[in-house]
Amino acid sequence: MYQDEADWSGEGVSLTAHQDASDQDVETSLRPRKLSEFIGQARVREQLELVLHGALKRGDQPDHVLFSGPPGLGKTSLSMIIATELGSSIRVTSGPALERPGDLAAMLSNLAEGDVLFIDEIHRIARPAEEMLYLAMEDYRVDIVVGKGPGATSIPLELAPFTLVGATTRSGALTGPLRDRFGFTAHMEFYSPEELELVVRRSAGILGVDLRDDGAVEIAGRSRGTPRIANRLLRRVRDFAEVRADGAVTLEVARAALEVYDVDELGLDRLDRAVLSALINSFHGGPVGISTLAVAVGEESSTVEEVCEPYLVRAGLLARTPRGRVATAAAWHHMGLTPPQHAPGSPQPDLLAE
Ligand SMILES: Nc1ncnc2c1ncn2[C@@H]1O[C@H](COP(=O)(O)OP(=O)(O)OP(=O)(O)O)[C@@H](O)[C@H]1O
Ligand SMILES: [Mg+2]
């Protein structure tokens, strides 16, 4: 019944926004290094610049910074840029790596004055480590508990002033006390096609790809508002251009290549379409809960929720309602079907009569 599921899981080339192993090396070379090289997110960039340069001017340690938003929008890149702009070094860890408070204490006590500590996926940090972080963020201090039971004592340990930079794809999963301790929170937005065009042009320059204007527009338009996807599509289209054409990435080459990789005109990939297809074909357009939907496409709820859903909502194909997820009229049309009356965005009968 769920034919897309089988297709999807058999897929060799992942085009979702999640980082995969093949991305890692090339992403490092494509990462913008300075705030001025960072494309788009104009508001976040301006605000961040003020936060950093204000602190630099006063000779203070900048406030802790939190970046939230879907995968591949530049949270890690911006975190690295913060360290560069401050002229300090960065230590990198992630929420899942900080299972025991001791792991975090070791990390914190190794920081030098002015260092940036980057915690990726900070919403996945274990509770005891999180509680230790509160004091560290507020007072640059941790309490190390020595011994067990009634004889246990806690020894305060002074830390060098540092700036914590947290990144999360699920700001909603962050506890209030943690969120409140960040002096600056930035929500990353999807990029416009024009911004993504600049991203792919820049990357083509670095990778030495012969990218033509119309090819750039085509790739940018199908990148789901996400620089990571834009860069990945560029690489896939380059392969196609080199093997099946003369190496130049033109509109025709980009179209033909993206067809091979199952990226449709809206940039939806197999998983996105599997979600829409399940929603429409198995649940009559919804409403249906996210976990049921995830089971129907054979994915984790968190993947559907954090990776697919934000863009489907933004593209106006999926709506969140208190009773569950609903396919909009645009989604039915996109799947080549006629939307029923109850689909959001369907013309109302009385309006039709007019
Ligand atoms: N504003 C930008 N300008 C140019 N390239 C960008 C920009 N933002 C992101 N990129 C590119 O996209 C890639 C992915 O960005 P990054 O790793 O910073 O995303 P992320 O938000 O941390 O994703 P995740 O949530 O998966 O960790 C980078 O390697 C870089 O090549
Ligand atoms: Mg990241």
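The legends below describe an overview and several close-up views of one predicted model. Residues are numbered from 1 along each chain as its sequence is written, and chains are lettered from A and ligands numbered from 1 in the order in which they are written. Because this is a predicted model, local features need pLDDT of at least 70 and side-chain atom pairs count only at pLDDT 80 or more, while totals for chains, interfaces and linings use all residues.

View 1. The C-alpha trace of the chain spans about 75 × 50 × 45 Å along its principal axes, and its secondary structure comes to 16 helices and nine strands, where helices (H or I, at least four residues) and strands (E, at least two) are DSSP runs numbered from the N terminus. Domain 1 (3–12 + 269–353), domain 2 (21–187) and domain 3 (193–260) make up the domain assignment, with bounds that come from an automatic or database domain assignment. Between the C-alpha centres of domain 1 and domain 2 there are 35 Å. Of the 354 residues, 40% count as buried; a residue is buried if 20 or more other C-beta atoms, placed from the backbone, lie within 10 Å of its own, exposed if 12 or fewer, and partly exposed in between.

**View 2. The largest nonpolar core.** A nonpolar core is a set of buried Ala, Val, Leu, Ile, Met, Phe, Trp, Tyr and Cys residues joined through C-beta atoms within 7 Å, and the largest one here has 47 residues, with V200, I219, A230, V237, V275 and A327 having the most contacts inside it. Helix α12 (residues 270–282) gives the most to this core, namely seven residues. Domain 1 and domain 3 both give residues to this core, so it lies between them. Not counting residues up to four places away in sequence, I219 touches V200, A230, L233, L234, V237 and A254, contact meaning that two C-beta atoms, placed from the backbone, lie within 7 Å. Apart from this core lies another, of 34 residues, among them L104, L133, F182 and A186.

**View 3. Helix α12.** This helix has 13 residues and reaches 17 Å from its first C-alpha to its last, close to the 18 Å expected at 1.5 Å a residue, the expected span being 1.5 Å times one less than the number of residues. Eleven of the 13 residues are buried, and α12 is thus mostly covered; the buried residues include R270, D272 and R273 as well as V275 and I280. Just after α12, H284 takes a positive phi of about 50°.

**View 4. Strand β1 and its two partners.** From strand β1 (residues 65–68), V65 and F67 point one way and L66 and S68 the other way, and all are buried. Four bridges join β1 to strand β6 (residues 163–168) in a parallel arrangement, two strands being paired if DSSP finds at least two bridges between them. The bridge partner of F67 in β6 is A167. Strand β7 (residues 184–187) also pairs with β1 in the parallel sense over four bridges, and here V65 stands opposite F184.

View 5. In an unreviewed entry, UniProt lists L30, R31, G72, K75, T76, S77, E138, D139, Y140, R181, Y191 and R228 for "binding site"; UniProt positions are given in the numbering used here, feature names are shortened, and annotations may be inferred rather than shown by experiment. These positions span 199 residues in sequence, and the farthest two C-alpha atoms are 36.8 Å apart, so they do not all gather at one spot. T76 lies in helix α4 (residues 75–86) and is buried, with 20 other C-beta atoms within 10 Å. Leaving aside neighbours within four places in sequence, T76 is in contact with D120 and A167. S77, also in helix α4, counts as partly exposed with 19 C-beta neighbours inside 10 Å, and with the sequence neighbours within four places left aside, S77 is in contact with R31, P32 and F38.

**View 6. The hairpin of β4 and β5.** Strand β4 (residues 141–146) and strand β5 (residues 153–158) pair in the antiparallel sense over six bridges, and V145 stands opposite S154 in β5. The hairpin has six residues between the strands, and in it G147 takes a positive phi near 85°.
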